[in-house]
Amino acid sequence: MTEPILDAVVGVQATDWRGAVHAACAPLVTAGALEARYPDRCVAIAEEHGPYMVLAPGLALAHARPEDGAVQLCLSAAVLSRPVEFGHDQNDPVDLVLAFGSPDDASHLELLQSLAEHLLAGLADELRLAPNRVEAVRMLGAVA
Amino acid sequence: MSPAPNRPLTVLTVCGVGMGSSLILKMNAEKALKSLGVDAKVEHTDVSSARGMKADVAIAQGLHTDELSGVAPVVIAISNFMDVDGLRRQLDEALRAQGWLE
């Protein structure tokens, strides 16, 4: 697997779902793995198609397409100190926003497969309890 | 009742982007179909591309299923992508209703 860029933020104070998406993408933008327009595209796609990124109760996976400014394979987590509403009829409110980007249509397949397995095994609740960024990144490291 | 397809069932998992949510849904659909003993070929795509495609079964979030009514005779709406058992139950019921599973 291509080594993904990993990062996390904990104790995030987001005012709404758009802020939460930006918070999850922010460290990856800082690292240069995502262009600054990428989180805007995630928000725009959700505004067009609805809250597609809300996968399960309390959990969102923000993502857009390679051409939306994904430079390198990357994955991050934002643990919110206050949950936000995405407008999902069953899975709101959301207190954990993951974000990933892939530079093409294939690089992320293994990462996402591993992420799905780890989520089924309880990764989301582990991340919610992460005491700090270092621990959260270490948990994400198990996925990569 | 439609005749059982004499080939692997074609299943399309769909999300707004076609990169992440639909891919996770594909993996969980493969798990669920395998546990039901159903031979299936699962592909994932975005909702815009899906509208030009045909399959036996389409699986997506409820917010997309209206757009998928012409894509497949069986359209399954899910809300929790991590609930493989729930998806298995939905598939079991829908495939039995079609006569595709005994």
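Strand E1 (residues 9-15) of chain B is mostly covered, with 6 of its 7 residues buried. Buried stands for under 20% relative accessible area, exposed for over 50%, and partly exposed for what lies in between (1.4 Å probe, protein chains only). Strands (E, at least two residues) and helices (H or I, at least four) are DSSP runs, numbered from the N terminus.

This is a predicted model, in which local features need pLDDT of at least 70, side-chain atom pairs count only at pLDDT 80 or more, and totals for chains, interfaces and linings use all residues. Residues are numbered from 1 along each chain as its sequence is written, chains are lettered from A and ligands numbered from 1 in the order in which they are written, and side-chain values use heavy atoms, with hydrogens and water left out.

**Chain B sheet.** An open sheet of 4 strands has the order E2-E1-E3-E4 (chain B), and its pairing is parallel; two strands pair if DSSP finds at least two bridges between them. E2 and strand E4 (74-78) of chain B are the edge strands, each pairing on one side only. Neighbouring strands are turned by 20° against each other on average, direction ignored. Axes here are lines fitted to C-alpha atoms, for helices over the stretch in contact, and angles run from 0 to 180 degrees between N-to-C directions.

| Strand pair | Bridges | One bridge |
|---|---|---|
| E1(B) and E2(B) (residues 40-46) | 7 bridges | Cys15(B) with Asp46(B) |
| E1(B) and E3(B) (residues 57-61) | 4 bridges | Val14(B) with Ala60(B) |
| E1(A) and E4(A) (residues 74-84) | 6 bridges | Leu6(A) with Leu75(A) |

H1(B) lies across E1, E2, E3 and E4 of chain B and runs at about 165° to E2(B). Helix H4 (residues 84-98) of chain B lies across E1, E3 and E4 of chain B, at about 160° to E4(B). Ser35(B), in helix H1 of chain B, is partly exposed, with a relative accessible area of 40%.

**Chain A sheet.** In chain A, 5 strands form an open sheet in the order E1-E4-E5-E3-E2, with mixed pairing. Its edge strands, each pairing on one side only, are strand E1 (5-12) and strand E2 (54-56) of chain A. Helix H5 (residues 133-143) of chain A lies across E1 and E4 of chain A, at about 140° to E1(A).

**Between the chains.** The axes of helix H3 (residues 109-120) of chain A and helix H1 (residues 21-36) of chain B come within 9 Å and cross at roughly 60°. Residues making this contact (heavy atoms within 4.5 Å) include Leu112(A) and Ala116(A) of H3(A) and Ile24(B) and Met27(B) of H1(B). Also in helix H3 of chain A is Ser114(A), which is buried at a relative accessible area of 15%.

**Cores.** A nonpolar core is a set of buried Ala, Val, Leu, Ile, Met, Phe, Trp, Tyr and Cys residues joined through side-chain atoms within 4.5 Å. The largest has 85 residues, and Phe86(A), Val57(B) and Ile59(B) have the most contacts inside it. H1(B) gives the most to this core, with 8 residues. A second, separate core of 10 residues includes Leu12(B), Val47(B), Ala55(B) and Ala72(B).
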